[in-house]
Amino acid sequence: MGLRSDIRKVLVIGSGPIIIGQAAEFDYAGAQACRALKQEGLDVVLINSNPATIMTDKAMADKIYIEPLTLDVVKRVIEIEKPDSVLSTLGGQTGLTLSMQLAAEGFLESHNVKLLGADPETIHKAEDRQAFKDTMEKIGEPCIPSKVVETVEGAVDFAGEIGYPVIVRPAFTLGGTGGGIANNEEELRDISTNGLRLSPITQVLIEKCISGWKEIEFEVIRDRKGNVITVCSMENFDPVGVHTGDSIVIAPAVTLSDREYQMLRTASLNIISELKVEGGCNCQFALHPESMEYAVIEVNPRVSRSSALASKATGYPIAKVATKIAIGYTLDEIINQVTGKTYACFEPALDYVVIKFPKWAFDKFVYAKRTLGTQMKATGEVMAIGTSFEQAMMKAVRSTELGVDSMNMPKYEKMPVDELLTRLKNGVEDERSFQVYAALKKGVSVAELHEITMIDEWFLEKLRNLVELEEWLAEGDLTEEKYRTAKQYGYPDKTIERISGKKCPLHQNAVYKMVDTCAGEFKAETPYFYSTYDEENEAEQFIARRNSGKKKVIVFGSGPIRIGQGIEFDYCSVHCVWTLKELGYEAVICNNNPETVSTDFDTGDRLYFDPLTPEDVDNIIATEQPYGVVVQFGGQTAIKLTRHLADSGVRILGTSADNIDAAEDRERFDELLEQCGIPRPEGFTVMTTAEAVKVADQLGYPVLLRPSYVLGGQNMIIAHSEQDVVEYMDIITSHMIENPVLIDKYMMGTEVEVDAICDGKDFLIPGIMEHIERAGVHSGDSISIYPAQNLSQKVRDTIVEYTRRLSLALDVVGLVNIQYVVYRGEVYVIEVNPRSSRTVPYISKVTGIPMVDIATKVMFGATLKELGYESGLYPEGNYVAVKVPVFSFEKLQDVDTMLGPEMKSTGECLGIGRTFEDALLKGLVAAGYDLKREGGVLISVRDSEKREMIRIADKFSRMGFELYATSGTASYLNKNMIATNTVRKISEGSPNTLDLLESGKIHYMISTSAKGRMPARDSVRMRRKSVERSICSLTAVDTANALANVLRSGRSMDDVELVDITKI
Amino acid sequence: MALIKDGRPAYLVLADGQVFTGRSFGAVGTVIGEVVFTTGMTGYQETLTDPSYYGQIVTQTFPLIGNYGVNSEDFESAQSYVSGYIVREWCNAPSNFRCEDTIDSFLKAHHIIGLYNIDTRRLTRTLREAGVMNGAITTEKPDVETLLPQIRAYAIRDAVAHVTGTELRTYAPAETKYRVVLFDFGYKRYIRQSLVDRGCEVLVVPANTTADEVKALHPDGIMLSNGPGDPSENTEIISNLQEIAKLGIPIFGICLGHQLMALSQGARTEKLKYGHRGANQPVIDLASGKTYVTSQNHGYAVVGDSLPPEIGEVSHSNANDRTCEGVRYKSCNAFTVQFHPEAHGGPLDTAYLFDAFTARMDEFKKEAE
């Protein structure tokens, strides 16, 4: 047995850009897979379009293609590399679907490539709705009454048979995209129309709605010998009706008796055995809360978000084991890494509970519909481990960075109870757990809340325990007994003091327990810990036992994936850890995101899976006694800790806390710029609408407005007129009168970004990146090009010089990210972040400069010179690389797709080519743009951009596209000799722009008429329609122009070279 | 919450002198027993009513116990034989549609002293390192000096005698296909149920039933049940089994039944350092090479090597520590396993062994004809 002898070279297909429903968990799975394959001495060829991942790192594979994940590209990679096998089950739905297409076409067979990990028959049985139902029927596993339909009429007929409400589930879509619950025929028609369109095989499943049943999942593994085990059970806090990705999940299942547990466990094993899965599989069940009746909801015969969670929750590395199984091993041959002596053929026993809490982007998408349903909306998640549900819940809530430190959310605390209950009755919102908590606090009974929400009483009672504890804390003295009890329940000191209104009588440090897969039954040496308030500190014992004599360094991770802080920071954290180990330090990771590589227990020398708040990190520091800590790779989450850590006397490695502050504090930053002689766009701070109007006039429109207290572009707008300023100020002042608003001159120039490394004396710029979209579109949403294409030598020199001055003035030791705007030939600084940035992984990969490694070494005293780098700008390479943002708009109803100063993208792709056009072509294809070369273009732009549109419209027109525009734009274009059809505005009655978009004639829409984000506005409705209809929608003239140029180049993916980036 | 606020103090004193301070639930008083831990995450009700735990203070490693309360359907015997019960946290507001009572009331009704809110992981690690250890739970402020000698002197004796029934009881299925004598060494109800479900009329007999008495019942098969204590103590039963094995009637043994059968055929048993208790023990079926996840609860094991090759062979082995998990006999018509194919609590994956037993009975009946 053991490794198959017919495998030498394996192609691994990754999952592509981060989108809602397919996030960092596949980088974790893919990285584990690559490592497992390399351990076996196999050659690994990797394809993944996502440059921010660890799996696309040189350490992970022998050949790496950061190329679009399309069928043609994968075929070409196979032709170039001639692998003998392809691993299909580690790259999410994307990887699986591609593999199945390759197999179905006979391409794999004709190229002598074996399919590892999944049998097409298995996948068909699991994913085709009818085949799945038949299979379940055959083995006597109950399914929910349902029918696959291919037309809307079919859907309506079947719903008539089984009765409303019904659930619509499109076949083969990610995270349930396009699905929903329909309560009546009208809703059903809407949802099924959309679902059918999104399903690549035009199929939807209409299903009896079993909302309110318990939702239970099992992660199971099977090998080719037929050995089957379950790794973990999970129970959703939110009953059936909310997508499991949007549910709070607890592991293991807690409200099931052994009878129910074993019934579902056996069902899972029967299913995986019948499907003959070889590897990991996820089985989801609905269990009737008042009987033994259950139904199989879904089976995913691959690693998934749930398997990543189960791996982190138990310490059992599902992806690694699944990979070993795929290449021939059986479970009884694979050693359990945790104990080192037992085998992978066992079931983990937990002596703690785990809670997963989703992270949503509704703080950014103010107008998005917050109702949760069958379509996933969360961008990321956190996990918390505790010895009780309450403790884990408190940790989870802290970890999600919602600005709360307990279940008390001020807006619901203030809300009258009637309103709360109405909200709860009206549907499930992302903050439901907080609404429920507020209701409990206001005396609503568990029974009533259960009636309304169908959340199991067990969970509600646990929340009520917290209510009771808080009441106890608030009454009388804060005794030692009360304090210790509150600690056990997960309350930080500050929270205890706030709730009790009294000083804590003492301070108790947390202790750490090991996650060991076996509940302490065997001696384990897993360096994986969580905090609790108990007697024995196993981490302390572990450190003492290890007694390595090495200095310890803690690296703080970046928490949950959200818009603006994604997987790139995990890439940086992991690289920092690798380098620390190389330098002879003991590297300790603290993070709370279960999807990531950094929280794989074998990444660092020790892993603390805990919240990243001041008291939580204090506890870790008390146990670890580190030499120093690293904050610059964990995004804003880690940076936020800097001040606190420095104040407590912890050594911050790299740029000092004071200098980090100097870059963040506006006044200090202004002083610094003045001192360096560097201009920035002129700006002022105002308090009232009148002042704002006056200042805006003085600066000249357009101006950029933002509240002074926010970071990262939240609530920022660009005002083009006095009216805009007044509207904005009215909103802001009605909410928070005390906070000043910043108004800056908005310079509509070219945005340029630089990541640099500084050792305090010399500095290195691996490359200058230029954004296609002019300033005003958030840098994370811009298409970014390396090397910059349109900058004069003088501008380049200025950028290099300013970077030098700023790095030295801020005494940067490590990484710094600087954003510039080039306006009328002058360079201005917009922002300086003395930390790692979103672009670090991408620029590291395309320049071949391992930025994080160098930055880490520099933090420990190495100089750039010693490391072999000259000060200044590194010579440009032979390739052009383009980073293209990817959005998840189809998952978020009512969100305006117009790009602006607030970031909206969830992920990114890389395009790499010999020319800018080739690189952009690849980037766009990778990002999912369907580059049609004919059809209609609908144009609707604001007045200020009409003139620029002439040139772009002309390009489309000359290529043979039919142009359409609303009256104003159309007459303008026609006057300028570009033939354009006029379309009615929505308000002008049918047929109008919406009908046109609906008609299928339009392939591109250029829409820049931005004015507010209200879903009711015409422009927003048009953009939403284009998302629903999968029409390519461009909301910046620069993007439209670039796209037109790509089309005009006449090049297609077949014409461009594929690049193995390990050779750069 | 009410738990921590209102729980009275209670203590665990271990034979090594360690004292754990927690809170009291269930009955009050002082009890001495052998402290063991089980890693099962569900099935606490089955654990509490499994007679094999006679004389033991059971610690649950899973921290949240009592979540689904207690119901009248999931008992493995009419009583609880555990001496004491230790959990991290018990649930005073259980939630399950079958829930009839809380675990606290259950313990009170069965006079079992419980202890909660201690670092159960620390306790588990202590037992893992030192081996099972005697201890006492007390709801009084412990006088360690007085308690320790008593604790150290404690031993579980005559365990089977305490848990076995004294008279024959018959359980009939809807349609009888086989007649099985079930030796009650402290049997779990689901062993009986597994047989009844397969069409067996089950005659439950006292532990010391002799070969002649068995023969007089004309069974098609003999089931040797699980049970508590040191197997080698049961000399009378062991010698009875020597005779019973000669009857030629198919024998299937589980847990203590497996150990007693082995002893009767000349093998040895040994005490494990801290036993196997939980629902996740991997067992390799040596004939097929497949591994099964099993439910287990035992402190002693058959020494595989001590089994004379002409008598029988090890059929199953524990994938973790390679201890003997099953024997297939050549000397007689018997096969036995250390784990619990009847599950409850635990995985149902090895229930097929009951089918293997009925297959043997089919063959036996055919030969008899």
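This is a predicted model: local features need pLDDT of at least 70, side-chain atom pairs count only at pLDDT 80 or more; totals for chains, interfaces and linings use all residues.
**Close-up 1. The loop of chain A that holds A:P165.** A:P165 sits in the loop between helix 7 (152–162) and strand 7 (166–170) of chain A. Helices here are DSSP runs of H or I with at least four residues, strands are runs of E with at least two, and both are numbered from the N terminus. Residues are numbered from 1 along each chain as its sequence is written, while chains are lettered from A and ligands numbered from 1 in the order in which they are written.

**Close-up 2. A cis bond at A:P991.** The peptide bond from A:S990 to A:P991 is cis, with omega near -15°. A:P991 belongs to the loop between strand 37 (981–983) and helix 35 (993–999) of chain A.

**Close-up 3. A:A251 and its contacts.** A:A251 is part of strand 12 (residues 249–251) of chain A. It's buried, with 27 C-beta neighbours inside 10 Å; the cut-offs are 20 or more other C-beta atoms within 10 Å for buried, 12 or fewer for exposed, and partly exposed in between, with C-beta atoms placed from the backbone. Skipping neighbours within four places in sequence, the contacts of A:A251 include A:C232, A:S233, A:M234 and A:V353. Contact means that the C-beta atoms, placed from the backbone, lie within 7 Å.

**Close-up 4. Positive phi at B:C255.** B:C255 isn't a glycine, yet its phi is positive, near 60°. You'll find B:C255 in the loop between strand 14 (251–254) and helix 10 (256–264) of chain B. B:C255 is buried, as 30 other C-beta atoms lie within 10 Å.

**Close-up 5. Positive phi at B:A343.** Here's a non-glycine residue, B:A343, with a positive phi of about 55°. The loop that holds B:A343 runs between strand 19 (334–337) and helix 11 (352–368) of chain B. With 24 other C-beta atoms within 10 Å, B:A343 is buried.

**Close-up 6. Where domain 1 of chain B meets domain 2 of chain B.** Chain B is assigned domain 1 (2–155) and domain 2 (160–368), with bounds from an automatic or database domain assignment. In this view, 23 residues of domain 1 of chain B are in contact with 24 residues of domain 2 of chain B. Strand 3 of chain B gives the most to the domain 1 side that touches domain 2, with three residues.

Definitions and conventions. Two residues are in contact if their C-beta atoms, placed from the backbone, lie within 7 Å.
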